[in-house]
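Subject: Structure handover

Hello,

Here is the structure I said I would pass on. My notes on it follow below.

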Amino acid sequence: MKRGFYTIMAAQFFSSLADNALFVAAVELLKSGGAAEWQRAALVPMFALFYVVLAPFVGAFADALPKGRVMFVSNAIKVVGCLMMLFGTHPLMAYAIVGLGAAAYSPAKYGILTELLPTSQLVKANGWIEGLTIASIILGILLGGQLVGHAVATRLLALDFPLLDMGIDTAPEAAISVLIFVYAVAAWFNTRIPHTGVEMRPIPKNPMELVPDFWTCNSRLWRDKLGQISLATTTLFWGVSGNLRYIILAWSAAALGYSTTQASSLSGVVAVGTAVGAIVASMRMRLDTATSVMPLGIAMGLLVILMNFISNVWVAAPFLILLGGLGGYLVVPMNALLQHRGHNLMGAGRSIAVQNFNEQACILGLGAFYSLSAGLGLSAFGAITAFGVVVAGIMWLIQRWHANNLVRHKEEVDHLLQIARHDTSHGGS
């Protein structure tokens with residue numbers, strides 16, 4: 001791997017660490033403020049909101065500037081969201097601003113991989129990036145849980161700075177103030193990311209011209225016989241896993257009687273399995289065999305339903321590790337295949353923006369459904385059953401879709417797989 005790859009990993013680690021710790025702090029901020037259950041559940045779709053709304057623009061923004069600069073600006077936006085949350089803005093609105101920063105960050109984070117590395121290293125690079133991201137999710141959730149816990153929060157609130165009264169009086173506020181510094185560390189690493197030498201693509205004078213361009217890119221990826229399968233799989237995976245992050249917190253409270261701090265520790269367990277699965281996939285899988293992992297998606301959905309029958313933490317922990325492991329092994333090769341096809345068809349930034357739009361629209365839709373259901377009284381157990389059925393059923397349909405492509409469009413699929421086997425600089429289509 002090139003030297004710049006490790007700088008990207010460091011920047012991604014600290015930014016993702018803060019993102020996940022902030023989610024736990026925001027849940028506790030709403031909980032301590034007496035907010036209803038549906039508002040806490042709504043944090044997930046609110047974070048996804050700008051991914052969907054700004055999808056036509058963020059990809060072009062990532063392609064118009066050096067990726068490191070884009071990532072720096074994005075982290076600055078996240079800091080603004082944190083400050084808004086600290087100084088009186090409703091947590092849902094402030095968290096949406098943090099989501100705005102994340103929406104701008106993602107096309108640059110993944111797009112730079114295809115600029116920096118050859119095709120043969122994409123699966124390996126994705127394995128390391130996803131593995132490190134999952135590690136940051138584990139540590140971020142644990143960090144957030146500890147920061148809002150009584151032991152650490154008491155010490156943070158006891159700190160006294162002369163001539164400086166920030167008005168920070170609660171554990172979640174103290175946690176958020178610490179996370180601003182973590183974002184600052186990520187921003188410093190962003191400034192150290194090297195230029196890749198890839199030609200920049202300027203944004204049109206009228207940004208609205210990007211809307212039809214985005215929909216054209218979206219359509220091209222959905223028509224591609226490998227792109228459509230990898231896009232459908234990753235869209236479903238992230239749509240469900242994005243919401244499971246909160247559902248596991250709710251399930252831990254309902255099934256095990258856990259507090260936010262205890263539940264955050266259990267949420268991190270899922271990420272342990274995902275990290276292991278991601279790293280194993282990066283070592284074993286190749287682009288041209290990525291579609292072979294689809295049966296794992298069906299198994300993952302069925303396992304989700306079994307969560308309803310677990311009431312012991314010693315059973316829950318290994319079960320959640322297995323669930324995460326299947327997800328990590330599924331998503332890494334599919335993500336790499338999607339990036340490969342997207343880069344060939346339209347360029348790195350635009351393809352990642354299309355991917356984010358579909359995945360975050362799925363998170364937004366499923367999150368809105370869960371939030372509405374919570375408002376109407378649906379239990380965490382009912383939501384888990386619904387999610388498991390959706391995952392298993394839709395993954396089966398995607399698998400049938402690919403099997404049909406192998407018969408009806410055999411020559412085209414074979415040609416695309418041949419391109420994936422070649423170690424070139426993403427040429428061809």
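Glu28 touches Val148, Pro172 and Thr260, if its neighbours within four places in sequence are left aside. This is a predicted model, so please read every value below as computed from it. Glu28 sits in helix α1, which covers residues 3-32. The residue is buried, but Glu28 has no salt bridge. Which side chain of opposite charge is nearest to Glu28? That is Lys31, at 4.8 Å.

Salt bridges

How many salt bridges does the rule give? The count is 4. Three of them are described here, including one between Lys78 and Asp19, whose closest N and O atoms are 3.0 Å apart. This pair joins distant parts of the chain, with Lys78 in helix α5 (residues 67-86) and Asp19 in helix α1, 59 residues apart. Lys78 is buried, at a relative accessible area of 1%. Asp19 counts as buried too, with 13% relative accessibility.

Arg40 pairs with Glu37 in another salt bridge, and here the closest N and O atoms are 2.8 Å apart. Both residues belong to helix α2 (residues 37-41); because they are 3 residues apart in it, about one helical turn separates them.

Asp414 and Lys410 are both in helix α17 (residues 410-421), 4 residues apart, or about one turn of the helix. Asp414 counts as partly exposed, its relative accessibility being 34%.

Packing of α3 and α4

Helix α3 (residues 43-53) packs with helix α4 (residues 55-64) at an angle of about 75°, and their axes are 5 Å apart. That angle makes α3 roughly perpendicular to α4, because values from 65 to 115 degrees are classed that way. Which residues make the contact? On the α3 side they are Phe50, Tyr51, Val52 and Val53, and on the α4 side Ala55, Pro56 and Phe57. By class, the contact has 7 nonpolar residues, with no polar and no charged ones.

Two further residues

Gln228 is located in helix α11 (residues 227-256). Gln228 has a relative accessible area of 3%, so it is buried. Apart from neighbours within four places in sequence, Gln228 is in contact with Leu221, Trp222, Arg223, Trp401 and Asn405.

Ala386 is part of helix α16 (residues 380-408). Its relative accessibility is 27%, and Ala386 therefore counts as partly exposed. Between Ala386 and Gly301 there are 9.7 Å in space, C-alpha to C-alpha, while the two are 85 residues apart in sequence.

Regards

Terms used: Residues are numbered from 1 along each chain as its sequence is written. This is a predicted model: local features need pLDDT of at least 70, side-chain atom pairs count only at pLDDT 80 or more; totals for chains, interfaces and linings use all residues. Side-chain values use heavy atoms; hydrogens and water are left out. Axes are lines fitted to C-alpha atoms, for helices over the stretch in contact, and angles run from 0 to 180 degrees between N-to-C directions. Helices (H or I, at least four residues) and strands (E, at least two) are DSSP runs, numbered from the N terminus. Angles under 35 degrees count as roughly parallel, over 145 as roughly antiparallel, 65 to 115 as roughly perpendicular and the rest as oblique. Contact means heavy atoms within 4.5 Å. Ala, Val, Leu, Ile, Met, Phe, Trp, Tyr, Cys and Pro count as nonpolar, Asp, Glu, Lys and Arg as charged, and the others, Gly among them, as polar. Buried means under 20% relative accessible area, exposed over 50%, partly exposed in between (1.4 Å probe, protein chains only). Lys and Arg count as positive and Asp and Glu as negative; His and the chain ends are not counted.
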